[in-house]
Amino acid sequence: MLKSQQSTLLGISLVVCRNSKGQYLTILENGNQGWWLPGGLVDPPETFEQAAIRETKEEASIDVVLKGILRVENSLKPDQNHLRMRVIYYAEPIDENQIPKQKPDRETQQARWVDYKDLPSYSQIGPGWRGKELLEWSKYIENGGVIMPLSFFALEGEDPIIEQAFYKEQLPLSKQK
């Protein structure tokens, strides 16, 4: 097949981070974009996992460990010869005492831990929500949604690893309550 133009791939990593108190990490985006979850573009040659960890540190000042994958999404825009792929990770903080970002910088205005029950009220705080992903994914997790193992999204050519998916009740931080 002849290609008339080169295709582009836009890789995005998003992170839904929950601590042992049932709070979710949210960030206030710059430019009056609103509250959202940490995430951003994959900067080659980094992997989606590396981008997720980096973006959470840059945007929220929180070090995380990725525990699993909530979903891999893609959208093809044939008219633009463009493919977008998003990997949505579930993560937990490495240090629960680490303080989220308090001072604005080029990445974000601030970050906060927000109780699950209080997330809907953030639609009324400042510019509101940038997108509904954190509301949807926190509800999914709290209602026992499946979290796929990290090996679910492997590099091409890697040997298959047998791991099982898990649920909120099986997460290490869920057992600390």
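I take buried as under 20% relative accessible area, exposed as over 50% and partly exposed as in between, with a 1.4 Å probe and protein chains only. The model is predicted, so I use local features only at pLDDT of at least 70 and side-chain atom pairs only at pLDDT 80 or more, while totals for chains, interfaces and linings use all residues. Residues are numbered from 1 along each chain as its sequence is written, and side-chain values use heavy atoms, without hydrogens and water.

**Backbone entries**

I looked up Ser 61 and found a positive phi near 60° in a residue other than glycine. Ser 61 sits in the loop between H1 and strand E5 (64-77); helices (H or I, at least four residues) and strands (E, at least two) are DSSP runs numbered from the N terminus. Ser 61 counts as partly exposed because its relative accessibility is 24%.

Asn 32, not a glycine either, has a positive phi of about 60°. I place Asn 32 in the loop between E2 and E3. At 64% relative accessibility, Asn 32 counts as exposed.

I noted a cis peptide bond from Pro 44 to Pro 45, with omega near 15°. Pro 45 is in the loop between strand E4 (39-41) and helix H1 (48-60).

**Core entries**

I then looked up nonpolar cores (sets of buried Ala, Val, Leu, Ile, Met, Phe, Trp, Tyr and Cys residues joined through side-chain atoms within 4.5 Å). The largest has 20 residues, and Val 16, Leu 70 and Leu 134 have the most contacts inside it. Elements giving two or more residues to this core include strand E1 (8-17) and helix H2 (133-142).
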